[in-house]
Amino acid sequence: MRTAREVFSERGYERTTFREIAERIGLTRPAVNHYFPDKESLYQALFGSARDVVVQAAVARAGEQETLAGQLAAFLDAATQVDSKDRSFAKFMAASVLDGFRHPQLQDSARRQIDEVREFLRQALTAAVDRGEIPADIDLPAVVEMLIAVLWGMGLYAGFLGTHDQLESVVAVLSRLVAGALW
């Protein structure tokens with residue numbers, strides 16, 4: 001699965017072949033087909049794995065916190081911990097959003113992945129308004145989308161630009177910014 005995430009992230013859905021995945025693993029193409037009948041089923045399994053290992057784990061960890069800043073910091077920290085163990089998740093998640101919008105058969109999975117994060121953010125912000133942490137007149141949909149953009153950008157950064165140590169520093173600074181303690 002890690003090798004498949006890496007190949008899809010590097011080459012994109014369209015250009016990735018079972019042959020290349022099999023060669024990198026050291027298997028034959030039929031061996032890969034034994035587990036996945038086609039490229040789309042493998043890709044969907046990767047989406048599910050990313051959702052389970054990164055998104056759902058991060059949302060669960062964030063749910064343990066009582067403040068918006070704590071929830072966002074916990075979400076980011078959980079995602080960073082996954083990155084420290086397997087950087088292919090960040091690459092795949094960032095690249096898969098693009099592939100999902102380029103290929104109609106993948107759109108539902110890409111949208112579900114983003115919508116799960118969007119719903120977490122919407123609930124966290126709504127609860128923060130209810131607790132009086134943030135103003136009630138905040139443009140909630142705009143803030144949710146801004147945070148989606150920031151998180152997706154951090155995924156790109158984690159997967160393709162920065163080192164893990166740099167990502168940890170970026171997460172720490174963003175957490176301080178959200179908590180109002182950066183300045």
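**Pockets, a cavity and a helix pair**

Modeller: By class, the residues that line the largest pocket are 21 nonpolar, 3 polar and 1 charged. Please keep in mind as we go on that this is a predicted model.

Colleague: How much space lies in the largest pocket?

Modeller: The space in the largest pocket comes to about 500 Å³, and its lining is made of 25 residues, with Val54, Met93, Leu151, Trp152 and Gly155 lying nearest the centre.

Colleague: And which elements give two or more residues to that lining?

Modeller: Those elements are H4, helix H5 (68-85), helix H6 (88-102), H7, helix H8 (140-161) and helix H9 (164-178). The most comes from H8, which gives 7 residues to the lining of the largest pocket.

Colleague: OK, what about the second largest pocket, how much space is in there?

Modeller: About 200 Å³ of space lies in the second largest pocket. Its lining includes Leu68, Leu72, Leu125, Glu133 and Val178, and at least two of the lining residues are supplied by each of H5, H8 and H9. By class, this lining holds 11 nonpolar residues, no polar ones and 1 charged one.

Colleague: How many cavities of 30 Å³ or more does the structure hold?

Modeller: The structure holds 1 cavity of that size, and the volume of the largest cavity is about 60 Å³. The residues around the largest cavity are Leu72, Phe75, Leu76, Leu147, Leu151, Leu174 and Val178, and the elements that give two or more residues to this lining are H5, H8 and H9.

Colleague: Which of them has the largest share, and how does the lining divide by class?

Modeller: The largest share, 3 residues, comes from H5, while the lining of the largest cavity divides into 7 nonpolar residues with no polar and no charged ones.

Colleague: Switching to the helices now: at what angle do H4 and H7 pack?

Modeller: Helix H4 (residues 39-62) and helix H7 (residues 107-131) pack at an angle of about 0°, and their axes are 11 Å apart. Angles under 35 degrees count as roughly parallel, and H4 and H7 are therefore roughly parallel to each other.

Colleague: Which residues make that contact?

Modeller: On the H4 side they include Gln44, Phe47, Arg51 and Val59, and on the H7 side Ser109, Glu116, Val117 and Phe120 are among them. Taken by class, the residues of the contact of H4 with H7 are 8 nonpolar, 4 polar and 2 charged.

How values were computed
Residues numbered from 1 in each chain as written. Predicted model: local features only at pLDDT ≥ 70, side-chain atom pairs only at ≥ 80, totals over all residues. Heavy atoms only, no water. Axes fitted to C-alpha atoms, helices over the stretch in contact; angles between N-to-C directions. Helix = DSSP H or I, 4+ residues; strand = E, 2+ residues; numbered from the N terminus. Parallel < 35°, antiparallel > 145°, perpendicular 65-115°, else oblique. Contact = heavy atoms within 4.5 Å. Nonpolar A, V, L, I, M, F, W, Y, C, P; charged D, E, K, R; others polar. 1 Å grid on protein atoms, 1.4 Å probe; cavity = no way out; pocket = protein on both sides within 12 Å on 5 of 7 lines; lining within 4 Å. Points joined across faces, edges and corners; volume = space filled by probe spheres on them.
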